[in-house]
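Trainee: I have a model open and would like to learn how to read its features one at a time. Could we go through it together?

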Amino acid sequence: MKLLAVLTLAACFTILPSCVTAQETWKKGDKVAAFFICKEEEDIMDLALADSKGMQKFSELIIEKQITRGCIPLRPPALFIVDDVIGNYKDYKGKETSIMKIVSPKNNLLTGYIVAEGIPGQDKGI
């Protein structure tokens with residue numbers, strides 16, 4: 001029974017980057033709905049690396065990060081504000097994915113880090 005729960009959870013999280021509010025570009029101030037966030041930048045960078053290499057390693061690492069409490073699922077998804085786009089990469093499917101630092105829209109305190117399909121946007125300036 002426990003194995004079935006783990007496998008179901010892994011299957012759900014294998015589509016993680018595309019399950020965050022999808023848009024083509026991300027920049028500071030954008031709103032994003034997320035159902036899985038990491039507390040530390042190091043944790044999200046580990047996930048991004050695994051996501052760029054393959055689905056199996058990515059799925060395993062998501063479960064590991066939840067067990068160690070480095071990353072947590074949010075049910076239902078919550079709304080956040082992008083504070084910074086700290087990087088981007090191509091996931092194991094070849095899709096452009098951004099790594100972002102997010103904050104709560106209620107108090108602007110650092111909340112965590114996420115990955116989402118899309119590329120960093122360009123600030124247009126004044």
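Mentor: Start with a strand pairing: S3 and S4 run antiparallel and are joined by eight bridges. Two strands pair if DSSP finds at least two bridges between them. Helices (H or I, at least four residues) and strands (E, at least two) are DSSP runs, numbered from the N terminus. Before we go on, note that this is a predicted model: local features need pLDDT of at least 70, side-chain atom pairs count only at pLDDT 80 or more, and totals for chains, interfaces and linings use all residues. Residues are numbered from 1 along each chain as its sequence is written, and side-chain values use heavy atoms, with hydrogens and water left out.

Trainee: Which residue of S4 is the bridge partner of Ile81?

Mentor: That is Val103. S3 and S4 make a hairpin, with five residues between the two strands. In the turn, Gly94 has a positive phi of about 85°.

Trainee: How many bridges join S2 to S3?

Mentor: Seven, and these two strands also run antiparallel.

Trainee: Next, disulfides. How many does a search of the whole structure find?

Mentor: A disulfide is a pair of cysteine sulfur atoms within 2.5 Å. The search finds one: Cys38 and Cys71, with sulfur atoms 2.0 Å apart. The torsion about their S-S bond is about 90°, so the disulfide is right-handed. Cys38 sits in strand S2 (residues 31-38) and Cys71 in strand S3, so the pair ties together parts 33 residues apart in sequence.

Trainee: Are Cys38 and Cys71 buried or exposed?

Mentor: Cys38 and Cys71 are both buried. Buried means under 20% relative accessible area, exposed over 50%, and partly exposed in between (1.4 Å probe, protein chains only). Of the 126 residues of the chain, 40% count as buried.

Trainee: How should I read an aromatic pair?

Mentor: A pair of aromatic rings is described by the distance of the centres and the angle of the planes. Rings of Phe, Tyr and Trp (its six-membered ring) pair if their centres lie within 6.5 Å; planes under 30 degrees apart count as stacked, over 60 as edge-to-face and the rest as tilted. This structure holds one such pair. The ring centres of Phe58 and Tyr92 are 6.5 Å apart and the planes lie at 50°, so the pair is tilted. It links distant parts of the chain, 34 residues apart: Phe58 is in helix H4 (residues 55-67), while Tyr92 is in the loop between strand S3 (71-90) and strand S4 (96-103).

Trainee: Why does Phe58 count as buried?

Mentor: Because its relative accessibility is 1%. Tyr92, with a relative accessible area of 25%, is partly exposed.

Trainee: What does a polar contact look like here?

Mentor: A polar contact is a pair of N or O atoms within 3.5 Å; within protein, one must be able to donate a hydrogen and the other to accept it, and residues adjacent in sequence count only if both atoms are side-chain atoms. For an example, take Thr97 in strand S4: a polar atom of the Thr97 side chain lies 3.2 Å from the backbone oxygen of Lys95. Thr97 counts as buried, at 0% relative accessibility.

Trainee: Which backbone details deserve a look?

Mentor: Pro76 is in strand S3. Then look at phi: Arg69 is not a glycine, yet its phi is positive, near 65°. Arg69 belongs to the loop between H4 and S3 and is exposed, with a relative accessible area of 57%.

Trainee: Where is Asn108?

Mentor: Asn108 is in the loop between S4 and strand S5 (110-117). Asn108 also has a positive phi, about 55°, although it is not a glycine. With a relative accessible area of 56%, Asn108 is exposed.
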